[in-house]
Amino acid sequence: METQTISWPAKDLSRIPFAMYHSPEVYAQEQERIFRGPTWNYLGLEAELPSAGDFITTVIGDTPILVSRDEQGKVHALVNRCKHRGAVLRREACGNAKDHSCIYHQWRYSLAGQLESVPFQRGMKGEGGMPADFDKSKIHLDELKVEVYKGIIFATFSAQAEPLLDYLDAPVVYEIDRLFAKKIKVLGYQRQRIFGNWKLYNDNVRDPNHGGLLHMFHATFGLYRLSQVGGAKLDRKHRHNITFNQLGTDDAEANAGYSDTKKVFQSEYQLRDTAMLQNKKEFADPVTLVILSVFPGVVFQQIANSLCTRQIRTRGLNEMELYWTYFGYEDDDQAMTDHRLLQANLCGPGGYISMEDGEAVEIVHKASFTAQDQHAIVEVGGKGEIRDSGNLISEMPVRGFWSYYCELMGIEPGSAEMAKQAAAQTPLQKAAA
Ligand SMILES: [Fe+2]
């Protein structure tokens with residue numbers, strides 16, 4: 001479906017067109033207006049490339065990125081694509097090198113992305129090679145603007161992007177300061193392939209309501225229930241979201257709220273080993289879970305003592321990958337590191353909770369394909385103004401994501417033209433009337 005024929009009947013974004021998850025035209029525009037637009041994109045953690053010559057490869061949307069630390073210690077975000085014929089330059093996930101050479105024709109670049117040598121540039125015996133006016137000094141890998149905050153590396157393609165801290169805004173900066181108050185150490189990675197559009201995961205992670213309904217491990221064993229103290233905070237543009245809760249703040253009365261589906265306090269369900277559920281107190285506040293999602297594609301997580309980043313990597317219209325980077329603090333003792341690694345089992349492709357998020361994205365993607373003239377209903381927590389929530393029974397941050405998304409994509413939800421389109425019934429609806 002073409003972008004201009006997609007209907008957005010609700011100005012407050014309480015209706016999301018299913019076509020937005022399935023349109024190739026929309027997907028192409030997102031790459032340009034969102035990922036290569038005025039957004040700050042997470043690339044990784046400085047702890048992953050501490051020394052000169054260290055590098056990691058990642059993506060911003062579909063664009064391959066090489067993050068490279070030069071001899072002076074400066075971190076560069078370079079498009080990971082040789083300027084010669086466009087081949088991917090670095091194919092490893094990470095490493096250490098003196099320079100970066102393309103496998104195709106061995107064009108060699110400095111750690112900062114400057115072209116340094118071309119094999120047979122002058123040819124042989126006066127024959128072949130590059131023309132005499134070829135100037136290596138004028139060829140540099142495309143470079144992005146980088147800002148590093150608390151050891152987190154962000155980059156943007158756009159000269160018009162706000163400064164990083166303005167983009168993140170105070171509530172997000174507060175949570176980053178809390179989570180990255182100490183020096184971190186990376187503990188490991190997981191990758192989770194999900195066959196669904198990348199925005200469905202953004203919807204998922206901005207929806208505290210599902211956390212206590214889909215994730216029955218959470219609800220049954222009490223790590224997260226909708227009946228607990230918690231809420232959702234948003235930045236001034238509603239594009240980012242912080243969901244938080246405090247385990248142990250509810251009791252069997254929660255069953256009243258859950259009664260339509262199932263009870264969460266059930267004596268027959270017990271874990272023999274409860275270490276997985278343990279929160280070893282390490283923050284000054286009583287918050288035991290924080291899911292901080294930053295537009296357009298990264299999540300920072302604290303679930304009890306499991307800390308990680310989740311990067312959303314697009315893989316075309318119908319597929320995405322979650323790239324999980326687990327971390328602890330440099331001053332953790334072995335017991336704490338072991339505990340964090342144990343709780344890492346909550347997440348990733350086989351995680352006690354994350355497996356279900358992948359499944360949820362896939363079943364929405366699959367079923368909504370044949371309903372592209374219809375809309376998702378997003379009203380839990382209220383309609384109208386998008387605001388913070390003092391409880392977890394809300395999906396308001398989902399509307400926040402879409403409001404900034406529409407701003408960047410040039411979509412005006414609820415405009416007269418859109419409303420007219422929405423009013424026009426489909427043949428099926430006419431037949432049913
Ligand atoms: Fe979830």
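Is Asp357 buried or exposed at 5% relative accessibility?

1. At 5% relative accessibility Asp357 counts as buried, and His210, at 14%, counts as buried too; the word means under 20% relative accessible area, with exposed over 50% and partly exposed in between (1.4 Å probe, protein chains only).

2. The model is predicted, so local features need pLDDT of at least 70 and side-chain atom pairs count only at pLDDT 80 or more, while totals for chains, interfaces and linings use all residues. Residues are numbered from 1 along each chain as its sequence is written, and side-chain values use heavy atoms, with hydrogens and water left out.

3. The iron ion is coordinated at 2.0 to 2.5 Å by NE2 of His210, NE2 of His215 and two OD contacts from Asp357. Donors are N, O and S atoms within 2.8 Å of the metal (3.2 Å for Na, K and Ca), and because water is not among the atoms, sites may look incomplete.

4. The donor residues follow the spacing H-x4-H-x141-D in sequence. Because His210 lies in helix H5 (residues 208–211) and Asp357 in helix H9 (residues 354–368), the pair ties together parts that are 147 residues apart in sequence; helices (H or I, at least four residues) and strands (E, at least two) are DSSP runs, numbered from the N terminus.

5. Seven strands form an open sheet with antiparallel pairing, in the order E2-E11-E10-E5-E4-E3-E6, where pairing requires that DSSP finds at least two bridges between two strands. Strand E2 (41–45) and strand E6 (94–96) stand at the edges with a single partner strand each, so one side of each is left without a neighbour in the sheet.
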